[in-house]
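The following report concerns a single protein model. Please consult the sequence and the coordinates alongside the text.

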Amino acid sequence: MNTRGDNCEPHRPAHPRIFTMCEAGKSDHHSAERCVDFPVSVVLPAGGTGERTGLQTPKQFCTFLGRPLISYTIQAFESMPWIQSIVVAVAKENMDLMTDIIQRFKHRKVRAVPGGSTRHRSICNGVLALGEEERPAVGRPKVVIIHDAVRPFVEEDFLCKIAMAAKEQGAAGAIRPLVSTVIATTSEGYLDHSLERAKYRASEMPQGFTYDVISQAYQRCSESDFEFGTECLHLALQYCGTNAKLIEGPPTLWKVTYKRDLAAAESIIKETLSRSACVITGGLAEAVNLADALRKAVGALDMELDIVPDLMGDNARCLLKEWNFIQVSVSHSCLSEVEAILVALEAENRALLHPVVVIWVHFSRTDELPVSERAPTAITELASTAKHRNILIYGIQLKQSKHWERSASRVAEIASALIRERSPALVGQLLQA
Ligand SMILES: Nc1ccn([C@@H]2O[C@H](COP(=O)(O)OP(=O)(O)OP(=O)(O)O)[C@@H](O)[C@H]2O)c(=O)n1
Ligand SMILES: O=C(CO)[C@H](O)[C@H](O)COP(=O)(O)O
């Protein structure tokens with residue numbers, strides 16, 4: 001609420017504006033839960049236009065592997081059990097889109113509220129919404145985390161530090177070393193002076209505030225702050241006398257700002273999904289030998305393999321943690337083993353947030369016809385239906401040969417490329433190792 005006592009957004013016609021990862025850091029939720037024993041809520045400002053990307057779609061709604069960037073950020077916070085609620089502030093004309101994203105990707109704890117014409121106004125609307133929380137299980141937070149919706153790579157351990165410091169100090173913020181030197185220019189466009197870079201830091205997100213501090217800061221700040229300000233920590237100091245604790249954060253805190261950042265974010269997401277795979281051998285000797293050779297070969301490609309005979313019993317754990325599966329079939333050309341994987345994946349709804357890759361490696365003995373001649377369309381048909389469920393099926397056919405290691409490393413190269421790229425264009429193809 002600003003000085004006039006009304007909402008943050010001044011009464012003027014909505015701007016005709018067009019608006020648009022990750023795995024949270026691999027941290028131990030339990031250690032964070034032990035530290036954060038007070039209610040924490042999150043405000044994700046997502047009401048911007050993304051003009052600096054040069055794209056029509058606001059960057060927070062640009063998709064990576066079929067999912068909008070904002071969904072990766074939401075999922076990162078949702079995966080932290082100690083976060084009680086998330087408010088996303090989006091432009092009024094994107095409220096339906098945001099509601100659809102929340103429903104489609106089954107985001108919990110999240111609700112969308114109208115953003116404002118500036119970032120501060122959007123954040124202020126989010127903070128106000130936390131104060132008016134009606135969901136019974138959600139009380140007023142002790143700490144409010146503010147985090148740009150276009151920073152998808154937030155790490156739980158660091159977020160925990162920010163939340164703890166905010167509780168203790170009233171405010172806390174992430175900082176990073178400056179990459180470029182900051183200079184002041186004259187009105188004629190010449191150098192006035194430069195700042196000593198070592199004395200300065202870049203202010204990043206996440207930031208944390210006690211609810212009282214950030215709500216008071218927005219109640220007291222000026223129209224000029226709302227219109228031109230970019231720093232919540234400044235509002236806390238200026239209007240609440242609260243000096244934020246500054247904590248240097250990891251390099252993953254960067255904000256998607258330019259078009260190149262979208263490509264970087266997609267590359268990081270793909271890399272995160274491609275670090276390991278589960279190889280199912282059926283227990284057959286040739287398949288086990290191939291899997292062992294594959295493990296050596298993919299090791300050189302910075303990938304780990306978990307080799308199991310099936311996905312039953314304890315091995316079913318692979319279904320809950322793997323995004324990539326390699327089914328090795330020896331001789332028989334039916335896809336029943338692949339179909340069994342599909343059934344298991346769908347039972348766990350595993351492909352909701354990320355596309356799951358299933359590679360069928362068909363090993364044929366020297367006296368047998370290759371599967372491309374025996375059942376050329378089998379994989380294409382199965383892959384076509386699975387693709388609609390976000391499961392990408394690829395085939396690699398391998399003929400028994402005396403150059404075992406060479407064949408295995410060829411399969412490894414193809415499989416790791418398919419896993420890394422997750423290309424829809426190659427779905428259903430039967431590639432020759
Ligand atoms: N009126 C606004 C403007 C920005 N933001 C959000 O604040 C975050 C950081 O802002 P920025 O990177 O500047 O996003 P945009 O304003 O969309 O980018 P640009 O300046 O290139 O238009 C983004 O998640 C953006 O959606 C917001 O909630 N409301
Ligand atoms: O780091 C920040 C403040 O702490 C904000 O993310 C940054 O100021 C946003 O600026 P812009 O909206 O111009 O990208």
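At what angle do helix α6 and helix α8 pack?

## Basis of the report

This is a predicted model, in which local features need pLDDT of at least 70 and side-chain atom pairs count only at pLDDT 80 or more, while totals for chains, interfaces and linings use all residues. Residues are numbered from 1 along each chain as its sequence is written, chains are lettered from A and ligands numbered from 1 in the order in which they are written, and side-chain values use heavy atoms, with hydrogens and water left out.

## Packing of α6 and α8

Helix α6 (residues 211-220) packs against helix α8 (residues 232-240) at an angle of about 80°, and their axes are 9 Å apart. Because of this angle, α6 is roughly perpendicular to α8, a term that covers 65 to 115 degrees. Axes here are lines fitted to C-alpha atoms, for helices over the stretch in contact, and angles run from 0 to 180 degrees between N-to-C directions. Helices (H or I, at least four residues) and strands (E, at least two) are DSSP runs, numbered from the N terminus.

On the α6 side, the contact (heavy atoms within 4.5 Å) involves V213, I214, Q216, A217, Y218 and R220. Their partners in α8 are C232, L235, A236, Y239 and C240. By class, the contact comprises nine nonpolar, one polar and one charged residues. Ala, Val, Leu, Ile, Met, Phe, Trp, Tyr, Cys and Pro count as nonpolar, Asp, Glu, Lys and Arg as charged, and the others, Gly among them, as polar.

## Helix α5

Helix α5 (residues 156-169) has 14 residues and should span 20 Å at 1.5 Å a residue, which agrees with its end C-alpha atoms being 20 Å apart. The expected span is 1.5 Å times one less than the number of residues.

The buried residues of α5 are E156, F158, L159, C160, I162, A163, A165 and A166. Buried means under 20% relative accessible area, exposed over 50%, and partly exposed in between (1.4 Å probe, protein chains only). After α5 comes G170, with a positive phi near 100°.

## Domains

The protein is divided into domain 1 (40-184 + 192-262) and domain 2 (274-432), with bounds from an automatic or database domain assignment. Their C-alpha centres lie 40 Å apart, and seven residues of domain 1 are in contact with six residues of domain 2.

## Backbone features

Strand β10 (residues 201-210) contains P206, which is joined to M205 by a cis peptide bond with omega of about 10°.

N349 is in the loop between α12 (336-347) and β15 (356-364) and is partly exposed, at 40% relative accessibility. N390 is in the loop between α14 (378-387) and β16 (391-399) and is also partly exposed, with a relative accessible area of 24%.

## Two loop residues

S274, in the loop between α9 (259-273) and β12 (276-280), is buried at 10% relative accessibility. Leaving aside residues up to four places away in sequence, S274 touches M303, N324, I419, R420 and R422.

T366, in the loop between β15 and α13 (371-374), is exposed at 55% relative accessibility. T366 touches K399 and Q400, with residues up to four places away in sequence not counted. T366 and K399 are 33 residues apart in sequence and 6.4 Å apart in space, C-alpha to C-alpha.

Definitions and conventions: Angles under 35 degrees count as roughly parallel, over 145 as roughly antiparallel, 65 to 115 as roughly perpendicular and the rest as oblique.
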